[in-house]
Amino acid sequence: MSQKIGVFPASGGLGTSIINHLVKLVPASQLILINRNPEKLAALSREGATIRRADYDDPATLDRVFDNVGVLMLISYASFEIQYRVEAHKAAIDAARRSGVKHIFYASLAFAGDLAESSLAHVMGAHLATEKYLAELPGRFTYTAIREGLYSESFPIYTAWFDLHNPVEEITIPHNGTGPGVAWAKRDELGEATAKMIYAYAKNPAGFPYLNRVVLLSGAREVSLRETVEILGRVVGKPVRIREIAPEEYAALPQVGDKHTYHGVNLAREWATAWEAIRAGETAVVSPVLAEILGREPEDFETTIRGLVGGRQ
């Protein structure tokens, strides 16, 4: 396998997981890892990986940073904004193409139902626009947009920041908990499957089955928000219930505003559209692809949550 694999940003939960699984598949010398804090990748540098610095928030740092990368894993800018994120993604994609990158894997998100091109969720807006940008690029260039399932570990975002180690009895969200729900997926299994997809492409580009398309990775079962909360209650050993509130009331909750402020703008009300999308069934689609790539059934939501509690103790 001659072409090198780039990962940007080579940090965060998903990025770190992808890299940890890539080094089981290819020598570290095949990797070009790009991050705003290169010193955090010192251990991988000692193993032979090439480490470079770039930052979404400083587009000038993207110029030539993807040189010698054949296939790039592009992880989305960490925010719920739309326009700022889209421009950041476009700058990275354009820089990658100028450097001769032949294929981009883009980490999208599992809203928009069964690979639809629209979503009720504000958070999906930048992903859909980035998918469209990749699909319309001219020339000898290919892409794969992976709609990564909603992480099991991200349940606090959808449960008013419920804390397993300081649990409350009532979760107030703009949803009554009934289905359709969420096909939760363990983040590290998404990282493993994504790494295996990157490796499969790098080994045999012509035979890769997901060229120029969107693919959904999801958990094996849809779990309603009511059942999600019941599972959280079982894990913490106390009953937990949902109380439905208006989106405006949710946006005004004290624990919410700080979590959803980006570049000085509070997007808590925009974030509340996620529950509209869940209610419409956008996150309930179960795809077999994650299980197929892993070669096993994905871990169920309750097992992952129990692991989170056990790992802390």
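Mentor: A cavity is a set of grid points where a 1.4 Å probe fits but cannot get out. Please keep in mind that this is a predicted model.

Trainee: How many cavities of 30 Å³ or more does a search of the whole structure find?

Mentor: The search finds one. The largest cavity has a volume of about 60 Å³.

Trainee: Which residues line the largest cavity?

Mentor: The lining consists of Ala110, Gly149, Leu150, Val182, Ala183, Trp184, Leu216, Ser218, Glu282, Thr283 and Val285. By class, seven of these lining residues are nonpolar, three are polar and one is charged.

Trainee: Let us change topic. Which domains does the chain have?

Mentor: The domain assignment gives domain 1 as 4-150 + 184-217, and domain 2 as 154-180 + 220-284 + 300-311. In the contact, 19 residues come from domain 1 and 23 residues from domain 2.

Trainee: How far apart do the C-alpha centres of the two domains lie?

Mentor: The centres of domain 1 and domain 2 are 27 Å apart.

Trainee: And what area is buried between them?

Mentor: About 1800 Å² is buried between domain 1 and domain 2, with carbon and sulfur atoms giving 68% of that area. On the side of domain 1, Phe80, Leu120 and Trp184 lose the most area to domain 2, together 46% of what that side buries.

Trainee: How many salt bridges and polar contacts are found across the interface?

Mentor: The rule finds zero salt bridges between domain 1 and domain 2, but six residue pairs are in polar contact across the interface. The side of domain 1 that touches domain 2 has twelve nonpolar, four polar and three charged residues.

How values were computed:
Residues numbered from 1 in each chain as written. Predicted model: local features only at pLDDT ≥ 70, side-chain atom pairs only at ≥ 80, totals over all residues. Heavy atoms only, no water. Domains from an automatic or database assignment. Contact = heavy atoms within 4.5 Å. Buried area = accessible area lost by both parts, 1.4 Å probe. Salt bridge = Lys/Arg side-chain N within 4 Å of Asp/Glu carboxyl O. Polar contact = N/O pair within 3.5 Å; in protein donor to acceptor, adjacent residues only side chain to side chain. Nonpolar A, V, L, I, M, F, W, Y, C, P; charged D, E, K, R; others polar. 1 Å grid on protein atoms, 1.4 Å probe; cavity = no way out; pocket = protein on both sides within 12 Å on 5 of 7 lines; lining within 4 Å. Points joined across faces, edges and corners; volume = space filled by probe spheres on them.
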